[in-house]
Amino acid sequence: MLELINLSKKFKQVHAVENLNMFIEKGEIIGLLGPNGAGKSTAITMLSSLVEPSSGDVKFNGKSILKNPAQLRNIVGMVPQDIALYSDLTAEENLQFFGRIYKIKGVELKRKIDEVLKLIGLTDRRKDVVKKYSGGMKRRLNIGVALLHEPEFLIMDEPTVGIDPQSRNYILETVKRLNREKQITILYTSHYMEEVEFLCDRIYIMDQGNLIASGTKDEIKSILSAEKVISIKADNMNDAFIGSLKENPLVNRMVVSEKEVTIMAGKEVNIFSPLIKMAEDSQLDLHSLDIKTPTLEDVFLHLTGRALRD
Amino acid sequence: MIWQFIKKQGLLLWRNPMQLLLVVGLPIVLITILGTALGGTMNGEPPKINLKVALIEHEDEEKQINRFIEDFSDELPPEMIESIQKGEEFRFIQTLKDTVFGHEDIKAFIDFQEMDLKDKDQILNDSTYTSVIEVPEHFTYEMLEGILTNQNNQPALLVLNNEGSQVGAKIVNDILVQYQDKIGLTNFLAANHLDPSILQSTEEMRFSETVSINQSQPVTSKEYYTVGMAVMNVLFVASTIGTFAFIERKIFVFNRIILANVTRWIYFSAVCLSGTLFSFFHLLIVFGFAWVFFDVSWANIPLFILVSSAFAISVGGIAALLTAISYRFKSEVVTSFFSSILVTIMAVLGGSFFPLGDSSVLLQTLGNFTPNGAGMSAYLAVLRGDELEAISGHLIFLVCFGFAAIAAAAVSFPKRGANI
Ligand SMILES: Nc1ncnc2c1ncn2[C@@H]1O[C@H](COP(=O)(O)OP(=O)(O)O)[C@@H](O)[C@H]1O
Ligand SMILES: [Mg+2]
């Protein structure tokens with residue numbers, strides 16, 4: 001349905017997106033995963049015809065959208081990363097306005113507004129100005145507005161940023177339902193790998209403007225087939241221990257957080273005895289030492305040497 | 001479609017009471033302050049002209065005419081006699097009473113009284129009278145004789161003016177001079193045996209001329225500042241609309257609008273139109289307030305509406321221009337520069353604070369090339385009682401300015417105003 005060919009965007013200094021190649025088929029949920037600043041939003045604004053790429057092309061059903069974006073626009077619903085709503089208007093007034101600019105009118109508009117409000121769970125609050133909403137409610141309305149004209153292709157740019165877990169689950173479930181029940185094709189952007197893992201059939205991972213991996217979840221995780229992921233937990237994680245990990249040639253990659261260190265090492269290497277010895281030397285209260293099933297997060301770590309979230 | 005944008009814009013304004021208060025309330029507050037502060041010294045009303053004129057006749061005019069006809073029935077042609085019998089134009093004093101002092105516009109400021117000869121002394125001692133007009137004995141008889149028999153000994157009216165009321169006396173004299181001219185014309189026509197009744201139309205014309213000079217009222221300081229504050233503050237409507245549009249882009253709503261296949265032309269027209277419409281309402285509210293509370297009234301309402309419309313179009317143009325520039329440079333600096341500094345400069349140039357144009361022709365010209373200055377000049381002219389012709393130049397400028405601004409804005413409006 002949609003194809004991105006060597007898509008690039010350069011701002012004065014920054015290569016926000018470099019030679020991005022992607023395809024999206026009808027009915028799929030595609031994940032676009034990457035840390036902040038990876039170029040996800042830039043990619044999305046280009047593929048939705050909002051911004052012209054510096055080079056490359058976007059093809060919708062085989063035809064370039066660069067000159068003729070109207071057809072794509074007709075079927076696209078866009079959930080921007082920021083809350084793109086009039087905060088001084090009520091949910092209903094927002095929906096009315098955006099419905100009318102899509103030329104939906106009268107009874108039909110009323111029916112669609114009711115339907116959307118129900119879907120996003122804001123029927124009771126329809127008469128309240130958006131300003132008074134919680135973060136989660138704003139996010140939901142932000143999605144609702146994009147659904148009003150019943151798009152076939154929904155693009156969501158980090159739709160769950162900064163909200164409570166409950167609203168987040170609600171949104172994730174809704175996205176899944178939209179795909180299953182209405183066969184809406186979805187491009188879902190996030191820097192939360194759990195969301196992408198939960199929702200998506202296929203995944204693209206971006207970092208610093210470049211695509212670093214793509215495929216189904218299993219395909220991507222198989223990148224890690226030659227390595228094992230070990231999680232080390234301790235209550236008194238200290239610099240001496242971390243320092244000796246860094247120096248150890250058996251440790252390929254590592255991410256440090258307060259009470260946990262995740263490391264990667266070759267599958268065939270015995271790393272447990274050295275680890276325990278290092279812990280003893282630096283007087284670490286070892287809590288646990290686990291081999292983990294690799295996550296997308298670990299794949300990202302493997303590919304970039306950095307954590308997805310910092 | 002455009003209507004949807006205007007409606008939404010209106011709602012946004014309505015939900016921003018602070019903004020609304022600032023835009024509509026500020027001029028009202030300023031007008032109130034200036035109105036009250038200036039109330040004592042330069043208070044409103046122009047010095048009200050109120051004259052009192054008495055007319056004293058020594059002899060009844062009708063009797064003199066009958067006598068004249070008796071005396072001259074043999075010498076003059078019968079048509080002439082008949083026209084003297086019937087013609088208003090030979091009843092000089094009656095004409096003075098009816099058409100001159102009886103004229104609606106003159107009655108408005110001259111209290112005209114016919115008095116008896118026996119009251120003369122009393123009147124002359126009464127200082128409330130501006131002038132006393134005394135018609136000597138045989139006046140009409142001698143006038144007729146002078147005109148119709150080509151004698152040159154014409155009688156004169158005796159006018160006694162009150163020393164203390166020079167301005168008033170001057171006005172009365174002016175009126176009498178006009179009247180005399182008219183009689184002179186009658187003389188001329190009659191002497192040449194033309195029908196003096198053609199005078200009736202000319203006479204109307206002459207008096208309406210006098211009247212229009214009298215109508216041209218000076219603008220009071222209260223009116224001046226009302227117009228000054230209104231035309232200045234309406235510029236904030238433009239910056240408010242410009243700010244709304246800029247925020248629309250900043251919060252990515254504009255991206256949604258693009259994706260809905262709304263062309264920039266529609267978007268843009270909506271910005272202009274809401275600027276025009278809201279400025280128009282703004283002007284109505286502010287001037288309406290000044291009318292109710294400060295008695296700044298508009299005699300010529302259609303012309304007032306016309307000026308307001310033309311001015312509102314120019315403000316709509318400014319709103320469009322501000323929007324386009326802030327989109328182009330992706331910055332609100334332009335709009336805030338406009339509302340903080342440029343408005344003040346334009347207001348000074350346009351004469352909102354004091355009549356700058358009085359000090360130099362150059363500044364006056366410059367002032368009239370700001371939309372608010374042109375609007376101000378037009379409004380003041382309407383208050384003065386000028387007609388459409390007198391202000392058409394300003395109106396044309398305002399409308400042209402509006403459209404030029406819209407065109408400039410449209411050209412510089414980025415093709416894809418989208419935001420990442
Ligand atoms: N309008 C812009 N001007 C200059 N640089 C930009 C602009 N938008 C984004 N960038 C840069 O491009 C890179 C990618 O940004 P973005 O696409 O927003 O990343 P993401 O959505 O993945 O967080 C970042 O380095 C960002 O600073
Ligand atoms: Mg982003």
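Student: Where in chain B is His58(B) placed?
Tutor: His58(B) sits in the loop between β1 (51–57) and α3 (61–72) of chain B. Those names come from DSSP runs, with helices (H or I, at least four residues) and strands (E, at least two) numbered from the N terminus. The model is predicted: local features need pLDDT of at least 70, and side-chain atom pairs count only at pLDDT 80 or more, while totals for chains, interfaces and linings use all residues. Residues are numbered from 1 along each chain as its sequence is written, chains are lettered from A and ligands numbered from 1 in the order in which they are written, and side-chain values use heavy atoms, with hydrogens and water left out.

Student: Why is His58(B) called partly exposed?
Tutor: Its relative accessible area is 32%.

Student: Which residues does His58(B) touch, not counting residues up to four places away in sequence?
Tutor: They are Leu117(B), Glu134(B), Val135(B), Pro136(B) and Glu137(B). Contact here means heavy atoms within 4.5 Å. Glu134(B) is 76 residues from His58(B) along the chain, and their C-alpha atoms are separated by 7.8 Å.

Student: What makes the link between the side chains of His58(B) and Glu134(B) a polar contact?
Tutor: The distance is 2.7 Å. The rule asks for a pair of N or O atoms within 3.5 Å; within protein, one must be able to donate a hydrogen and the other to accept it, and residues adjacent in sequence count only if both atoms are side-chain atoms. The pair therefore meets the distance limit.

Student: Why do Arg15(B) and Glu93(A) count as a salt bridge?
Tutor: Their side chains meet at 2.7 Å, N to O. A salt bridge needs a side-chain nitrogen of Lys or Arg within 4 Å of a carboxyl oxygen of Asp or Glu, so this pair qualifies. Across the interface of chain B and chain A, the rule finds one salt bridge. Ten residue pairs are in polar contact there (both at pLDDT 80 or more).

Key
Buried < 20%, exposed > 50% of the residue type's maximum accessible area, 1.4 Å probe, protein only.
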